[in-house]
Amino acid sequence: MNETKPSLLKLFFSMMAISAFTFGGGFVIIGMMRKKFCDELHWVSDEEVLDMTAIAQSAPGALAVNAAVIFGYRVRGLIGALTSVLATVIPPIVIISVICLIYDAFSTNRIVQIALMVMRAGVAAIIVDVVIDLAGNIIKSKNILNIFLMFAAFIAAWWFKVSSIAIILLFICLGIALAIKNKGKEAVQ
């Protein structure tokens, strides 16, 4: 989207800030990356965020790290991917190391337990916000197949308790099949 490459320092500190102040897992960090890199800095488009999220979700490993690799690679290539990953893993490593040192003092502290419960509510709200944004983008695309697949995946996961792994694998296969079909059409024309 933005033609000029951002500096590695700006990428590093942007990713580090997102990682350090994001609680709640991968979908929360993707929402924060979207707001920072799409809405604020204009480094990527909404459509690219959807694609990168799908790729990050389909790959094994932590969603936040996968997303960092993809976002970093998109804006600065291999060095950007490495920079993003480093910036993403430093804050959790430091925070968890400190928590390990003082875990016994915190584990039974009622105030800490209440603070964590309140944080869960905030994290849930952020995840719902990300889901609404991503679903809204799919609906705005007016692609009937994608809209149908989104609702079918939701119904399969929510009502029929189909494993998210099975849904992701199915959608990977479907995406590959559609890409091959479209490539075949392009070759004929």
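**Surface patch and helix packing**

Phenylalanine 151 is located in helix α6. The model described here is a predicted one. The relative accessibility of phenylalanine 151 is 44%. Partly exposed covers the range between the buried limit of 20% and the exposed limit of 50%, so phenylalanine 151 is classed as partly exposed.

Phe151 belongs to a nonpolar patch on the surface. Helix α6 spans residues 144–158 and makes the largest contribution to the nonpolar patch, with four residues.

Helix packing was examined for α3 and α4. Helix α3 comprises residues 46–58, and helix α4 comprises residues 63–107. The two helices pack with their axes 9 Å apart. The angle between them is about 135°. Angles over 145 degrees count as roughly antiparallel, and those from 65 to 115 as roughly perpendicular. The α3 and α4 pair is therefore oblique. The crossing of α3 past α4 is right-handed.

Arginine 120 is part of helix α5, which covers residues 110–140. The relative accessible area of arginine 120 is 56%. The cut-off for exposed is over 50%, so arginine 120 counts as exposed. Arginine 120 and glycine 24 are 96 residues apart along the chain. Their C-alpha atoms are separated by 7.4 Å.

Terms used. Residues are numbered from 1 along each chain as its sequence is written. This is a predicted model: local features need pLDDT of at least 70, side-chain atom pairs count only at pLDDT 80 or more; totals for chains, interfaces and linings use all residues. Side-chain values use heavy atoms; hydrogens and water are left out. Patches are made of residues with over 30% relative accessible area and no salt bridge: like charges are joined within 9 Å, nonpolar side chains (Val, Leu, Ile, Met, Phe, Trp, Tyr) within 5 Å. Accessible areas come from the Shrake-Rupley method with a 1.4 Å probe; for residues, only the protein chains shown count as cover. A salt bridge is a side-chain nitrogen of Lys or Arg within 4 Å of a carboxyl oxygen of Asp or Glu. Buried means under 20% relative accessible area, exposed over 50%, partly exposed in between (1.4 Å probe, protein chains only). Axes are lines fitted to C-alpha atoms, for helices over the stretch in contact, and angles run from 0 to 180 degrees between N-to-C directions. Angles under 35 degrees count as roughly parallel, over 145 as roughly antiparallel, 65 to 115 as roughly perpendicular and the rest as oblique. A crossing is left-handed if the near helix is turned anticlockwise from the far one by less than a right angle, and right-handed if clockwise.
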